Amino acid sequence: MELIIDNLSKTYANGVRALQNVTLHIPKGMFGLLGPNGAGKSTLMRTISTLQEADTGSILFGNINVLKEKNELRKTLGYLPQQFGVYPKISASALLNHLAVLKGITNKKERKEVVNGLLNKTNLYDVRNQNLGGYSGGMKQRFGIAQALLNNPKLLIVDEPTAGLDPAERNRFYNLLSEIGENTIVILSTHIVDDIKELCTNMAIINQGQVVLKGKPLELIQNIEGKVYQKTIPKNELDIHKKKYKVINEKLFLGKPIIHVLSDKDPKNGFVPINASLEDVYFSQINN
Amino acid sequence: MWYEIFKFELKYRAKRPETYVFFFFLFLFSMVGVDFIFQGVEMGLMKKNAPLVIGKTMAAITGIFMIMASMIMGVPVLRDFQYNVESLLFINPIKKRDYLLGRFLGSFVVLLFIFGAVLFGMMVGEFMPWHQDLLPFTPINYMQSFTVVVLPILFFGASLFFVTGMLSKKLLVVYTQGIFLFVVFLLTKAIKNEYLQALLDPFSLTTLTKVSEDWSVTERNSLEILFNGVMLHNKLFWLLLGVIILMIGYHKFSFTIISKTSKNKKIKKSNIDERSSSIIEYSIPRPNVKYTIKTYCLQLVALSKFYVLSLLKETSFWAIVICGMIIILINSVNLGTVYGVDSYPTTYFIVEELQEMSLYFFIIILLFYSGELIWKERNAKLSLIYDATPISDTIPLISKFVALVSIYIILMLSLIVTGILFQIANGYYNFELKVYFFGFFLEILPFLMLYTIIALLFQVISNNKFVGILLALLFFIVNVSSEYFGFQHSLYKFGGKTLGTYSSMNGYGHFLKPYLWIKIYWLLFASLLLIISAILSVRGTETKLIKRFKGVKHRFSKRIIQFVISISFVFIGIGSYIFYNTNILNDYWTSSEKTVFRANYEKLLKQYEYIPQPKITKVHLNVELFPENRSYSVNGYYILKNTLNQPIHDVHIQKKIASHVQLDSVIFVGDNVSIDTKYSEFDYLIYSLSETLHPGDSIKMKFIQSYTPKGFEDDKSSTQIVNNGTFFNNKEFPTIGYNKKYELSDKDEREEYKLAPRLNKAKREDQRELVNAISGGDSDGINFEAIIGTNNKQTAITSGVLVKQWEENNRNYFHYKMNQPMINFYSIVSADYETRKDTWQSPFNISNKPVSLEIYHHNTHEYNLDRMMASMKASLNYFSTNFSPYQYTQLRIMEFPRYEVFAQSFPNTIPFSEAIGFVLDIDDQKDVDMAFYVTAHEVAHQWFGMQVEAANVRGRHMILETLSQYAALMVLKDNYPEEKIQQFLEFQREMYHKERKKSTVKEPSLELVENQDYIYYNKGAVAMFRLQKEIGEDMVNKALQHFIRDWHSQTGKFKTVSGRYATSKDLLSYFREVTPGSLQYIITDLFEKVE
């Protein structure tokens, strides 16, 4: 089963072109969607999740024409939105139960098994009877993934799931995702580059509504391997360097700027070659 | 600083659509506000722009739309919490005082702006074309009323809603305060002390009534509404209460967010252990999901349950339930009150009271809870998760609908329990659960279901909670008021009509069938609306209505299409069936068609009003009643006699104008008549006799008439011939000549159709009416005989002696014959009766057979039979002793269903409504025995009306009604202590003063009274009592004795000589005769003067 997005475009009423001719083929496994804030990631994910209309283009999931047969897709869809709330005065197991009904699991016994299984899986079983209002950010996010998995989805879409989670919580979350990714399409959007490298077999970078790069993370890194150079410079020389070289990344190390440049040949002048990272790939596309 | 917050609030509000929608809505409503509020209220000579009317209208509009105030004032603080900006706000260096003051004043100014629409709307409304005959336009009156009446209560409401919103942080709690205010308003109505009532009424409607209670008509039209007297106290009270609430709120409001987070922290601590433990060797079961009908049903049930539980968790709901129960317990104290006496708490009274009182609660729940449910997922920010589940588009909305309906049912059950508790508390144990069940689940629930769907539809379309609520309310108001613009056929008037009156005797009778068909028809329509709403509802992030419309084609599943098509077919099918019944089997008349018809009747036929016609001198009827299908057939004859001194060539016959009444044949025995049918449109036929009817000659007119109703009508169909409790009179049968009763009586309508102004009653000197005892009098007395057949359960009764009674073909037959002449006025009654019998022996004429007394009543209505029987005896005693002997050998009372609330005397029979005496709960300590009194009054009509008739001119009712009042009062006086008489008279005085204010015409004196019942009943009773007090009971009785002797319809010497009937002038001359010269002025004062 493959998700085929073909020439998808969407322009909002205020003129923002959120998606422009997006074409992607997404196979089984984890797929990372990388891009800066406002690049159109959420729009794309909502469109795939049947929550938004597209102006043109099509999305096919197996035999399902997603834009038309929305409910067919929803039957195999798991979706975790970027932001969501809960009924504060309801327990996790009650709300999961409720959502399980919405997903069509109407057999009581089955539902109980699934809910308990997922509560265990997401390590929420011990707190299942607590009101959701008292959950921490990480617990809430795990609850979110539990609900997304209720109907055993073949397509799981998670929109920036780790924003605001502490590192331990984030690792736990990713472990869970990668296990699911073994036999499901999981589309993960994030702006944290390392996450993609660790998790995803395929990825795409979106900027200003367009797909600027797609492929397997390691191959993409391979493509610029040997072309990335690094230099630590004084602050006041930053502008000069930016004019002179193709600076793809700048960050501070101990208060001093470190810049990465992309160059086919060694620029010398104090630059040292380094191993290319996915971050360099990302910034080489974004900061053009 | 507060000013910045104030400005921010104003700017925020200026951008919100609600602000303008509310303003616009109030503006439009206020334009027709006077007409809406005073709809159906007799305003008398008061004009629609009198300051008092303006004040009351403003008060009522403010009261009704207090919910707008709650929507505006409840949110300013709540909003910050809702959008989680409270922590951003409260860390800023703003003071609590500045924050609250700014928010409050800002919102209050917006509220004033919105309610300013009432002021301007009403002013503009004054210039609308339908407002004519007004006082000159005086803007200051509006401003004054607005300042005095509206501003203070707005301030109070604003404070209350602001504070509850800020402290509870829940919108539903705020709305509930609106109910609280309404409850206070209702509670004040139960307060006996008038001052307190006026003081505590939050909307100051009672206050305005109290302020103006002593105003004359001119004062009502001119005096301004000012801050003084009880009005000032009322306004100060509520202003002060508002200030106190604000102070409490200020004190209680905490300017931190700690209260909100402390709970979370505690929970987090307990979870720390759990967080470190590691995971995941657990496989998730793979559920086997099938999307079958069964799945959908289970989903529907589970979701409905979920929503019901979530609504039941709302404290506001329970607050409403408890408020409802309290209100009902307090208000049910006075049930079915007639003449100041309450009835037994029979179930139908309780149900009617509950229905009326609880409707407001139901509407509040309907409007607000539908909004809450529609927005439930989005408010919790769970909607994206919901929307991405494979639940069908329709199930969530349907389950929300089911949940709301379940909530109504829960409220209804609790109301029923309250009603039963009330009955138990009053020692009444005949609960009649069926009546409770029908009253709520048949009468109210379908109505609520229909409007719930409307509310959901508007929520979906507007996609704005407040606008949705308002649109639903607007729809409700427009739909209700459209009826007054002739928009009334059940097929296109949303929801159809209400179910008719319930009667113990007849249940819901024949109203039930059409009601059910029409409700099913609309429920089907509403179910289509519900499906459409579901398909249009927001799913995902596309909220624009246009986008949603475009998306509809993908949301129409095959199943939905099938459903819509099949429901549409059934809908159209039932609609056609209804149309077939109401418009094809029956004639459907719009009200303007009716008006035109009546105008034409008068224009074309008025010429015949006084043409010479023979009089009916004998009536013989064979009536077959078929109660089960509400039909009858009659085969009878009249003997018509030329009592004039000129020959008669034509006989004009008016058939009763009503559908399905067939006059199958009219035969003038021994004459070859020719029929002129040019007025057959009006069922008015002119028979030209081949042989002239000379003075003194008679002719026999045979006729066959039948009534066979077909299908059902759209209008409330006739309540005369019903399944149990038929009651109609001789007007059902052919009458001679022009019938004035078909004329238009409304002054404006007459003007519109260029008809001459119509007198309520002819002048006392009108020679043509002096010879009529009733309008269009076609008889001066008849011999009467009737054989009536009815079904085997019922007893049929009419005037006369029961000669014979038998069964034939499984039907009951009764043969009645009157042994002496009687007036041409008889009723035919048939129902399943129990009988109470007794006799009365005249003390003077021991040789005569005793008079048999009979009360025919519904089986459970035995409460007051003894009182009625006692009254019959006492009355016969008093009247035959003091006036003249009783002329018949029987006196019967027959109960009839409460479609009409009166008792009426016919020769030796008195049909008596079940609502008027049979279920009165008379407490001899505190009540006047009205069952006794009304009976006495009706028995008195056997003298005043049967023995002596009055000419059909002004003062007629003084002879018939005022004298009966007097006679009954004397019987009451003989049997009850003086204080009861005083209590009775006090009630009559009150009624008189209350009613005269509503009158639109100049008040006449008693001797010239027209149709004003407050004069001939209420003032009459008081005047006659005064007269007998002054000149002595004996003297009055002597005068009446002579009056009856001289003006008796058959034997009175003046009557026979003059050939005319008595007038009030004749009567007064008998009073003057027995009144000493020094007291003559009393007669002038009481009867000839107005004051």
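# Exercises on a two-chain model

Chain B is divided into domain 1 (2-263) and domain 2 (291-296 + 319-585), with bounds from an automatic or database domain assignment. This is a predicted model: local features need pLDDT of at least 70, side-chain atom pairs count only at pLDDT 80 or more, and totals for chains, interfaces and linings use all residues. Residues are numbered from 1 along each chain as its sequence is written, while chains are lettered from A and ligands numbered from 1 in the order in which they are written.

## Exercise 1: Two domains of chain B

Describe how domain 1 of chain B touches domain 2 of chain B.

Step 1. Start with the centres. The C-alpha centres of these two domains of chain B lie 29 Å apart.

Step 2. Count the contacts. Here 16 residues of domain 1 of chain B are in contact with 17 residues of domain 2 of chain B. Two residues are in contact if their C-beta atoms, placed from the backbone, lie within 7 Å.

Step 3. Find the elements. On the domain 1 side, α2 (17-31) and α10 (171-190) of chain B are the elements that give two or more residues. The largest share, nine residues, comes from α10(B). Helices (H or I, at least four residues) and strands (E, at least two) are DSSP runs, numbered from the N terminus.

Step 4. Sort by class. The domain 1 side in chain B divides into 14 nonpolar, one polar and one charged. Ala, Val, Leu, Ile, Met, Phe, Trp, Tyr, Cys and Pro count as nonpolar, Asp, Glu, Lys and Arg as charged, and the others, Gly among them, as polar.

## Exercise 2: Chain A meets chain B

Which element gives the largest share of the side of chain A that touches chain B?

Step 1. Count both sides. The contact takes 48 residues from chain A and 40 residues from chain B.

Step 2. List the elements. Those of chain A that give two or more residues are α2 (70-74), β6 (77-80), α3 (92-102), α4 (108-121), α5 (137-149) and α6 (167-180).

Step 3. Pick the top one. The largest share, seven residues, comes from α4(A).

## Exercise 3: The whole of chain B

Why does the radius of gyration of chain B agree with a compact globule?

Step 1. Apply the rule. The radius of gyration is taken over C-alpha atoms, and the globule rule is 2.2 Å times the number of residues to the power 0.38.

Step 2. Compare. With 1091 residues, a compact globule would have a radius near 31 Å; chain B has 35 Å, so the two agree.

Step 3. The C-alpha trace of chain B spans about 115 × 70 × 55 Å along its principal axes.

Step 4. Count elements. Chain B has 40 helices and 18 strands.

## Exercise 4: A sheet in chain B

In what order do the four strands of the open sheet in chain B stand?

Step 1. Read the order. It is β5-β6-β3-β9 (chain B), and the pairing is antiparallel. Two strands pair if DSSP finds at least two bridges between them.

Step 2. β5 (674-676) and β9 (735-736) of chain B each pair on one side only.

Step 3. Look inside one pair. Six bridges join β3 (residues 648-654) to β6 (residues 684-693) of chain B. B:Ile653 stands opposite B:Leu685 in β6(B).

## Exercise 5: One residue

Is B:Phe227 buried, partly exposed or exposed?

Step 1. Use the cut-offs. A residue is buried if 20 or more other C-beta atoms lie within 10 Å of its own, exposed if 12 or fewer, and partly exposed in between; C-beta atoms are placed from the backbone.

Step 2. Decide. B:Phe227 has 14 C-beta neighbours inside 10 Å, so B:Phe227 counts as partly exposed.
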